[in-house]
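Biologist: Before we talk, could you put the model up for us? I would like to go through the terms one by one.

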Amino acid sequence: MKIYAGSANLSLAEAVTDAMGETLSEREIFVFPDGERRVRVVGPVVDEETVIIQPTSPPVDRHYLELLFLADGLKRSGARSVTAVVPYLGYQRQDHVFRDGEAVSLDVVVRAMESAGIDRFIVFDLHSVKIAEVFQRPVRELSALAEFAKLIKDRGWDNDEAVLVSPDMGGIRRIKELSEMLDNMPYVTVVKDRDLSTGNVEAVSFDGEIKKRAIMVDDMISSGKTMVEAARLLRQNGAEEVIAMATHAIFSKEAPELLENSLISQVIVTDTVYVPKEKLFQKLGIVSVSGVIAKALKV
Ligand code: R5P
């Protein structure tokens, strides 16, 4: 098996190959003065099973193109198969037409990846169950929930004083699954309202009993507004400590500052998305999913 990486998250790709006792195969990504990229896989791949590790995180379009070019390079060079490990799948929130005239962006990028020769996909904590149905090729969805469950147990946060929280209604499936991993830890669901023109979020109400320690779990943190608003509601209603956990650290715009200056005491994310130095902040902790990916690639 030969494993390649795009430029989106080299540290994760290296951690995966380290865990497998492998090394990354060589590739070149050359950027022309006009911004176009020339991508080349180095080394014979004829009849090889190949893997590309590339989250399609921001800048989403650039990372998608790199992934497409790598897949095309591998297939043209005779690779027997191409598996794309896409720890964060860009455009997954545009999975249907919300308003007349909109493109289904997820459908477009999935078709492009399949046309470029990707035979199967390994992804992480998708936004909804419907997303895997857009693919025509096999998709294996991995999850960070077991890592979060382990962390919660290791810290001794137990059912007497802690409650899980889904910061929006869309996350109920995820929170139920995590609750089962934690001896049915109770959970609360927050109802949020987002203004589609400004992106502003309001945590309107909640369902369930808030306890001293509230552990919010979501698939991603983008602007950070969902977590910060839910934390406000939880603190106003009796929580003394609010922790935020999310698989994908998108951290767009001012998210790091917003989270650092919020009522949240700790923000725990995974490394599905690379967090550059300038986006790190004191309250942030990062859990690696490299072992989970390495295990999945060995099967
Ligand atoms: C929404 O449905 C997702 O599960 C996340 O809650 C959302 O995408 C987070 O976005 P933001 O951090 O911008 O509020």
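Modeller: Happy to! Let's start with a term: a salt bridge is a side-chain nitrogen of Lys or Arg within 4 Å of a carboxyl oxygen of Asp or Glu. Across the interface of domain 1 and domain 2, that rule finds zero salt bridges. This is a predicted model, where local features need pLDDT of at least 70, side-chain atom pairs count only at pLDDT 80 or more, and totals for chains, interfaces and linings use all residues. Residues are numbered from 1 along each chain as its sequence is written, and side-chain values use heavy atoms, with hydrogens and water left out.

Biologist: What gives the bounds of domain 1 and domain 2?

Modeller: The domain assignment of the protein, which places domain 1 at 2-142 and domain 2 at 145-288; such bounds come from an automatic or database assignment.

Biologist: How many residues of domain 1 are in contact with domain 2?

Modeller: With contact meaning heavy atoms within 4.5 Å, 17 residues of domain 1 meet 13 residues of domain 2. The C-alpha centres of the two domains lie 28 Å apart.

Biologist: Why is Asp195 called partly exposed, rather than buried or exposed?

Modeller: Buried means under 20% relative accessible area, exposed over 50%, and partly exposed in between (1.4 Å probe, protein chains only). Asp195 has 37%, so Asp195 is partly exposed.
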